[in-house]
Amino acid sequence: MKHSKELIFGIHAVNALLKRSPEQIKVVHLLKGRSDAKMDQLVQLAREGGVAIERVTRSALDRMVPEQTHQGVVAHYMGGHSYHEDDLHAIIEKAGENAWLLILDGVEDPHNLGACLRTAEAAGVTAVITQKNRSAPLSATARKVACGAAETLPFVLVTNLSRTIENLQQLGFWVTGMAGEAEKSVYDVDFSGRQVIIMGAEGVGMRRLTREHCDFLAHIPMAGAVSSLNVSVATGICLFEAVRQRQLQEKR
């Protein structure tokens, strides 16, 4: 696990950081002259956490995060965690027999990555895994969309996704890949115990090798004329079907 210094921007993302990890924020840059309820709350959280505040011009914020919607807030975050293959076993062991994972295969849009992280964290997923190459990095944009989930949910980068899936299967995980042409519905999959759900890139889906390593393939039933969903929306449907099943099992 490595640490990095990053810029985090946006009201919700910085607010979440100030609530969870104020000690890991070096300074919060706020738009000079802006005063409203949301900004006042950020100022209060920063002061309570002992975080330095600097009022700057809009042009200064624009230079920090070019071509981004920063909403007048940019924070220097010192505690970014980067997880790798070697960290995965410890993450799983800590979660125990009910560990479950989300794999993103070739999701390259940072907004989709951030939305998937936010959904996965809300669902209680143990970790999110993606391949280092040809996948969206955990950028400031992805962190902003994730609204704080990127700071609490392990995001694991692996070199060889097929090898990682094989290793997970040896640890007792069942692997379900989502594919539009699959015969089985996501509502017919048993998501109890150690599970991996794989979501492919929009348009092309999972890569061939990833698909071949799955134990099951499943689709989301569609009732309308639209033939596909945004990957983050599809991820939410699949993860919360798993949540529904797992919660029912806990009650038995």
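**View 1. The buried area between domain 1 and domain 2.** Buried area is the accessible area, found with a 1.4 Å probe, that two parts lose on being put together, summed over both. In this predicted model, domain 1 and domain 2 bury about 860 Å² between them, and 67% of that area lies on carbon and sulfur atoms. The domain assignment places residues 7-77 of the protein chain in domain 1 and residues 82-251 in domain 2, and the centres of the two domains, taken over C-alpha atoms, are separated by 31 Å.

**View 2. Contacts across the interface of domain 1 and domain 2.** On one side, 13 residues of domain 1 take part, and they are in contact with nine residues of domain 2. The count of salt bridges between the two domains is zero, while one residue pair, with both residues at pLDDT 80 or more, is found in polar contact across the interface. The side of domain 1 that touches domain 2 receives two or more residues from each of the elements β1 (2-9) and α1 (11-20), and α1 gives the largest share, five residues. Sorted by class, this side of domain 1 has seven nonpolar, five polar and one charged residues.

View 3. The buried residues of α1 are I11, A13, V14, N15, A16, L17 and L18. Because seven of the 10 residues of α1 are buried, this helix is largely enclosed by the rest of the structure.

Notes:
Residues numbered from 1 in each chain as written. Predicted model: local features only at pLDDT ≥ 70, side-chain atom pairs only at ≥ 80, totals over all residues. Heavy atoms only, no water. Domains from an automatic or database assignment. Contact = heavy atoms within 4.5 Å. Salt bridge = Lys/Arg side-chain N within 4 Å of Asp/Glu carboxyl O. Polar contact = N/O pair within 3.5 Å; in protein donor to acceptor, adjacent residues only side chain to side chain. Helix = DSSP H or I, 4+ residues; strand = E, 2+ residues; numbered from the N terminus. Nonpolar A, V, L, I, M, F, W, Y, C, P; charged D, E, K, R; others polar. Buried < 20%, exposed > 50% of the residue type's maximum accessible area, 1.4 Å probe, protein only.
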